[in-house]
Amino acid sequence: AMNRWLVAIVALLLGFATSLGAQESYDVIIRNGKVFDGTGNPWFLADLAFQDGKIAAIGPHLSGTADTEIDAEGLWVAPGFIDTHTHAGGGLTTAELSHARPLLAQGQTMILANPDGRSPLDLAAQREALLKDGLGVNVGQMVGHGSLRQAVIGMEDRLATDADLEEMKRLLRAGMEEGAWGFSAGPFYTPGSYSDTREHVELAKVAAEFDVPYQSHVRDEADYSVGVIEAVEEIITVSRESGVPGVFTHAKVLGPNVWGFSQAIVHRIQRARGEGLEIYADQYPWPASATGLSAALLPRWSQVGGGDSLRARLNDPPTLARIRAEMVENLARRGGADRIQFRRFVQDPSIEGRLLSDVAQERGVDPLDLSIELLMLGSPAIVSFNMHEKDIETFMAQPWTMTSSDGDLTTWMEGVPHPRSYGSFPRKIREYVMERGVITLPFAIRSMTSLPAQVYRIRDRGLLREGLAADVVVFDLENLREKGTFTEPHQLAEGMIHVFVNGQAAILDGEFTGVLAGEVLRKKVGG
């Protein structure tokens, strides 16, 4: 009996010794980095280990080995950045852009596609298109109000009937059941501008059933119609009456007539939050916006019925005179012809990258008459220099403001796009943290990570926590910067040393690996 006890004790001690000597084995260990966990807390020194696409361990001096070991001494480690408003979804469906390198170079590991009320109505087909060539980043989808309206009502300028609303609700519910993360609207644009607040409230009630936010490019960012303050109040009304969180997307006050109004908008949002409403904003850190010349200058009534109807009105002298008179006011709202730069126009590429004022002077015509000539051919894409830095800083400093880009993915060297497509996230850190001190680095990181994850209910991302997805960036703060400019935008951002998407390295030692580890993420219905 004594021998049996001795054998058992020796076996136990040997087993204990073996377990002490055993080392964990991981896919990746990042050692010695300054870690921001995404909460807004200050950095701490720690190692991170990944296994099977998840964060397996976080802590100082982790034991164990890994297939890939990275020394991040002197570098900063954070959750991957989430872009809540981007037009990159279309580019990601193409073989030439599915790699998402301009996004990865900014540290983006997830985007939300289909903003401004525009989306495919068949999200399953979009998901298939996104996956067919592989994905460099993770993608979440939203359902667009303008697309619902166009499918049911077309480009008619009228209110929705009860039957119209029921059909739009059916289409919206189908998108929500496909795992959409948000309900996007763009009542500034046609046909969304033909809707009333009730339409948005009734549809948002469906979104509320699925616990997703209502994200709106508001009805007016200046003083075109209801005014920017009332336009933000519309988001608050939709939230109050439907129960959804509301997002004032790419927050701005646009043009000299409304510069300084950011303070009043912040007050309205704070008051709504005090009332118990979940109201947020997102913002890109640039003094210029980008849109179409038609959206910037044309009255909405002139666009009823679509392009053919617009051209017929432009060809009718009395109607053209009415349109032109309103265009005079709209150009003034934008700050004049020297604040509008053409970024893309396939019908006349010679104007790309140039100011409306310069092209008009060269051709010896009035800027508005040139605009009308161009609008007869199509709608040139423009960059519009119409924001004031004080307003940018006011919105950025709010704890409820996320970071977005409102960018796109364009074929390399195609057109002269807004540089936000290439450098929004690094620019916010370089310009507003490092150079101006408007916000702190932990605050900026939080606005790019855990805050969007909270707002859009993305429960497995946005934080560095054991068990969450291993979307992680490692960057060199001293060299993190945007390179693109308004005249030479096609330049990748710098400073991202390692970028991991679902635990796989998309950028390693500053070089793209070619690995496409992104997924189309679906919100769990009811969860």
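This is a predicted model: local features need pLDDT of at least 70, side-chain atom pairs count only at pLDDT 80 or more; totals for chains, interfaces and linings use all residues.
**The largest cavity**
- The space inside the largest cavity comes to about 60 Å³.
- Its lining includes the run His-250, Ala-251, Lys-252 and Val-253.
- Gln-283, Tyr-284 and Trp-286 also line the largest cavity, as do Met-387, His-388, Asp-391, Ile-392 and Phe-395.
- Helix α15, which covers residues 389–396, gives the most to this lining, with 3 residues.

**The second largest cavity**
- The volume of the second largest cavity is about 30 Å³.
- Around the second largest cavity you will find Met-176, Gly-179, Ala-180, Phe-210 and Val-212, together with Lys-523, Lys-524 and Val-525.
- Sorted by class, the lining of the second largest cavity has 5 nonpolar residues, 1 polar residue and 2 charged residues.

**A sheet to look for**
- Strands of a sheet pair through backbone hydrogen bonds, in either a parallel or an antiparallel way.
- Here, 3 strands form an open sheet in the order β13-β15-β14, and the pairing is antiparallel.
- The edge strands are β13 (288–292) and β14 (340–344), each of which pairs on one side only.
- From one strand to the next, the twist averages 30°.
- Strand β15 (residues 381–385) pairs with β14 in the antiparallel sense over 4 bridges.
- To see this pairing up close, find Phe-342, whose bridge partner in β15 is Ile-382.

Notes. Residues are numbered from 1 along each chain as its sequence is written. Side-chain values use heavy atoms; hydrogens and water are left out. On a 1 Å grid over the protein atoms alone, a cavity is a set of points where a 1.4 Å probe fits but cannot get out, and a pocket is an open set with protein on both sides within 12 Å along at least five of seven lines; lining residues have an atom within 4 Å of a point. Grid points are joined across faces, edges and corners, and a volume is the space filled by probe spheres set on the points. Helices (H or I, at least four residues) and strands (E, at least two) are DSSP runs, numbered from the N terminus. Ala, Val, Leu, Ile, Met, Phe, Trp, Tyr, Cys and Pro count as nonpolar, Asp, Glu, Lys and Arg as charged, and the others, Gly among them, as polar. Two strands pair if DSSP finds at least two bridges between them. Axes are lines fitted to C-alpha atoms, for helices over the stretch in contact, and angles run from 0 to 180 degrees between N-to-C directions.
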